[in-house]
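Subject: Structure handover

Hello,

Here is the structure I promised to pass on. Please open it first, then read the notes below.

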Amino acid sequence: MEYTAADLAYLRADYLTLQQVCAERPESAEEIHALIAEGRLPKPSYVLDDGTELFPADYFRFVDEAGGPDGLQARFAERLEAAGADELDLHWQSYMDGIYGVCLWDVTPETIARKAKLVSSISELLMLARPAEADWRQRLRDEVEELDALERQFTPDYDRDEARFGRKPTRDLLINAARERYPDVFAAELAAH
């Protein structure tokens, strides 16, 4: 897989190099890179074809909230559990692999847990569709809008290659699919914008 010009434009607009995310920090990019290599901090969300590593602008947000790398996993587990999420190991591994920096605007245990709940609920709503029922329509619209607000756009081409995640991103599978399958459910939303 290679990045297209559209992918690179998206990444340049929304992601930073390690030097850029470390610019206002006491730690150097080299120190942070060493912690990443040791598995103590999350990997970059993207690595360009030339080896440039890209990170979300809020890369250090949760790290700082957790008190640094030493307390990161324990604090992640506490907050994820408090937010009601299951599958701690899966979420921790995805966080450490930089995957949540690909898909979420705010990478915290709470947004990770909320995304997981919304993905499950929207999947169920789409599988057990009841478009004639007002409650179903409202719930689908509300949950799709909430997931849409939590999720980034993803790269136009690179993230949509199924080799990347083993499937299309949730933005395509759930948000876009719901809007395409039930345009009338979202017609009021479009009229308001």
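Helices here are DSSP runs of at least four residues, numbered from the N terminus. By that numbering, Glu 87 lies in the loop between α5 and α6. Please keep in mind that this is a predicted model.

Start with Glu 87. It is not a glycine, yet its phi is positive, at about 55 degrees. Is Glu 87 buried or exposed? Its relative accessible area is 54%, so Glu 87 is exposed.

Now go to Phe 154. This residue sits in the loop between α9 and α10, the latter being residues 162-165. Its phi is positive too, near 75 degrees, and Phe 154 is a residue other than glycine. Phe 154 counts as buried, because its relative accessibility is 5% and the cut-off for buried is under 20%.

**α5 and its two partners**

Two packed helices are described by the angle between their axes and the distance between the axes. Those values come first for each pair below.

Helix α5 covers residues 72-82, and helix α6 covers residues 88-96. Their axes are 11 Å apart, at an angle of about 130 degrees. That makes α5 oblique to α6. The crossing of α5 past α6 is right-handed. From α5, the contact takes in Leu 72, Gln 73, Phe 76, Ala 77 and Leu 80. From α6 come Leu 88, His 91, Trp 92, Tyr 95 and Met 96. Which classes make up this contact of α5 with α6? There are 8 nonpolar residues, 2 polar and no charged ones.

Helix α5 also packs with α8, at an angle of about 45 degrees and with the axes 8 Å apart. That makes α5 oblique to α8. This crossing is right-handed. On the α5 side are Phe 76, Arg 79 and Leu 80. On the α8 side are Pro 109, Glu 110, Ile 112 and Ala 113. By class, the contact of α5 with α8 has 5 nonpolar, no polar and 2 charged residues. Look at Phe 76 and Leu 80 on your screen: they take part in the contact with α6 and in the contact with α8.

**α9 and α11**

Helix α9 runs over residues 134-150, and helix α11 over residues 170-181. They pack at an angle of about 135 degrees, with axes 10 Å apart. That makes α9 oblique to α11. What is the hand of the crossing where α9 passes α11? The crossing is left-handed. Leu 140, Val 144, Glu 145, Leu 147 and Asp 148 are the α9 residues in contact. They meet Arg 171, Leu 174, Ile 175, Ala 178 and Arg 179 of α11. The contact of α9 with α11 divides into 6 nonpolar, no polar and 4 charged residues.

Several α11 residues are buried: Thr 170, Arg 171, Asp 172, Leu 174, Ile 175, Ala 177 and Ala 178. Their cover includes α9 and α8, the latter spanning residues 109-127.

**Cysteines**

A disulfide is a covalent bond between the sulfur atoms of two cysteines. How many disulfides does the count give? The count comes to 0. Cys 22 counts as buried, at 7% relative accessibility. Cys 103 counts as buried as well, at 4%.

Best wishes

Terms used
Residues are numbered from 1 along each chain as its sequence is written. This is a predicted model: local features need pLDDT of at least 70, side-chain atom pairs count only at pLDDT 80 or more; totals for chains, interfaces and linings use all residues. Side-chain values use heavy atoms; hydrogens and water are left out. Axes are lines fitted to C-alpha atoms, for helices over the stretch in contact, and angles run from 0 to 180 degrees between N-to-C directions. Helices (H or I, at least four residues) and strands (E, at least two) are DSSP runs, numbered from the N terminus. Angles under 35 degrees count as roughly parallel, over 145 as roughly antiparallel, 65 to 115 as roughly perpendicular and the rest as oblique. A crossing is left-handed if the near helix is turned anticlockwise from the far one by less than a right angle, and right-handed if clockwise. Contact means heavy atoms within 4.5 Å. Ala, Val, Leu, Ile, Met, Phe, Trp, Tyr, Cys and Pro count as nonpolar, Asp, Glu, Lys and Arg as charged, and the others, Gly among them, as polar. A disulfide is a pair of cysteine sulfur atoms within 2.5 Å. Buried means under 20% relative accessible area, exposed over 50%, partly exposed in between (1.4 Å probe, protein chains only).
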